[in-house]
Amino acid sequence: MEIRTKFSCSLLGTFLLLSSLLPLSLSHLSDEVPSHVISRRLFTQTPSGAVRQYLIPHNILRAESGLPPLKWSKKLANFASWWAHKRQGDCALIHSNGNYGENLFWGSGKDWKPGDAVAAWAAEKSNYNYNSNTCTKNRDCLHYTQIIWRNSLKIGCAKVVCKSGDTLIACNYDPHGNVIGQKPF
């Protein structure tokens, strides 16, 4: 399997352990769907608990920095799905240039999970210097800083298998992060 972003096995292990425990409150999943219908409506639209597979690793990273958890947004998930399907023909890591923050992931083959994408973005943590608010020279860190951007409060993600058989995962954040001249928190 090829991946275009570095992968963090330790974060994935943490994710898998916590996702198996799953004591997350469903009230954190959405501010757009009443809590009494979240489990019935949202999870029938999102197979295999994918919402939790995106939220848990994102919110673990945010908790490490003392940040509030992201909440799931159906509107952002729909946007992410729309954009991922637009890229399904070529599986290119091209940003939508919408008014949301956006992280994109590409992996060779179809067996990639939401947590794999988040772990790849989280692996950029070592490339970020908070004091200088910069990435290590010639290294990516902006996927990580988008995840931990204090003002980003909502997230929506989608996964597609491209015509090539490879996987593209898109996550959108609102409000967007990575504002030039500002630190994530």
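These notebook entries record what I looked up in a predicted model of one protein.

**Basis of the entries**

I number residues from 1 along each chain as its sequence is written. The model is predicted, so local features need pLDDT of at least 70 and side-chain atom pairs count only at pLDDT 80 or more, while totals for chains, interfaces and linings use all residues; side-chain values use heavy atoms, with hydrogens and water left out.

**Entry 1: confidence**

I looked up pLDDT, the predictor's confidence in each residue, from 0 to 100. The mean for the protein is 82, and 74% of its residues reach 70 or more. Over residues 1-44 the pLDDT stays under 50. For that stretch the model has 80 contacts beyond four places in sequence, a contact being heavy atoms within 4.5 Å.

**Entry 2: overall layout**

I counted six helices and six strands in the protein. Helices (H or I, at least four residues) and strands (E, at least two) are DSSP runs, numbered from the N terminus. Along the sequence I read the pattern α-α-α-β-α-β-α-β-β-α-β-β.

Of the 185 residues, 46% are buried. I use buried for under 20% relative accessible area, exposed for over 50%, and partly exposed for in between (1.4 Å probe, protein chains only). The accessible surface comes to about 9300 Å², and 53% of that surface belongs to carbon and sulfur atoms. Those areas come from the Shrake-Rupley method with a 1.4 Å probe; for residues, only the protein chains shown count as cover. Among contacts between residues at least 6 apart in sequence, I noted that 70% join residues at least 24 apart.

**Entry 3: helix α5**

Why do I describe helix α5 as largely enclosed by the rest of the structure? Nine of the nine residues of α5 (residues 114-122) are buried, so the helix is largely enclosed. Among the buried residues are D116, V118 and W121.

I then turned to I147, which lies in helix α6. I147 counts as buried because its relative accessibility is 0%. Beyond its neighbours within four places in sequence, I147 is in contact with H58, L61, R62, N103, V118, W121, A122 and Y173. I147 and R62 are 85 residues apart in sequence, yet their C-alpha atoms are 7.3 Å apart in space.

T145 is found in helix α6 (residues 142-147). At 3% relative accessibility, T145 is also counted as buried. Its side chain makes a polar contact of 2.5 Å with the side chain of N178. A polar contact is a pair of N or O atoms within 3.5 Å; within protein, one must be able to donate a hydrogen and the other to accept it, and residues adjacent in sequence count only if both atoms are side-chain atoms. Leaving aside neighbours within four places in sequence, T145 is in contact with Y128, N178 and P184.

E64 lies in helix α3 (residues 50-64). A polar contact of 3.4 Å joins the side chains of E64 and K125. From E64 to I148 I count 84 residues in sequence and 9.4 Å in space, C-alpha to C-alpha.

**Entry 4: aromatic rings**

Rings of Phe, Tyr and Trp (its six-membered ring) pair if their centres lie within 6.5 Å; planes under 30 degrees apart count as stacked, over 60 as edge-to-face and the rest as tilted. By this rule the count comes to eight aromatic pairs. In one of them, F105 and W112 are edge-to-face, at 5.4 Å centre to centre and 65 degrees between the planes. F105 is buried at 0% relative accessible area, and W112 is buried at 7%.

Y128 and Y130 also form an edge-to-face pair, at 6.4 Å centre to centre and 80 degrees between the planes. Y128 is buried, with a relative accessible area of 14%, whereas Y130 is partly exposed at 30%. The charged end of K183 sits over the ring of Y130, 4.3 Å from its centre. This label requires NZ of Lys or CZ of Arg within 6 Å of the ring centre and within 35 degrees of the ring normal. I also recorded one aromatic cluster formed by F79, W82, W83 and Y100.

**Entry 5: backbone details**

Which residues does the cis peptide bond join? The bond joins D174 and P175, with omega about -10 degrees. P175 lies in the segment after β6 (167-174).

C91 is not a glycine, yet has a positive phi of about 60 degrees. C91 is placed in the loop between α4 (74-86) and β2 (101-107), and is buried at 3% relative accessible area. N97, in the loop between α4 and β2, has a positive phi near 60 degrees. N97 is exposed, with a relative accessible area of 73%.
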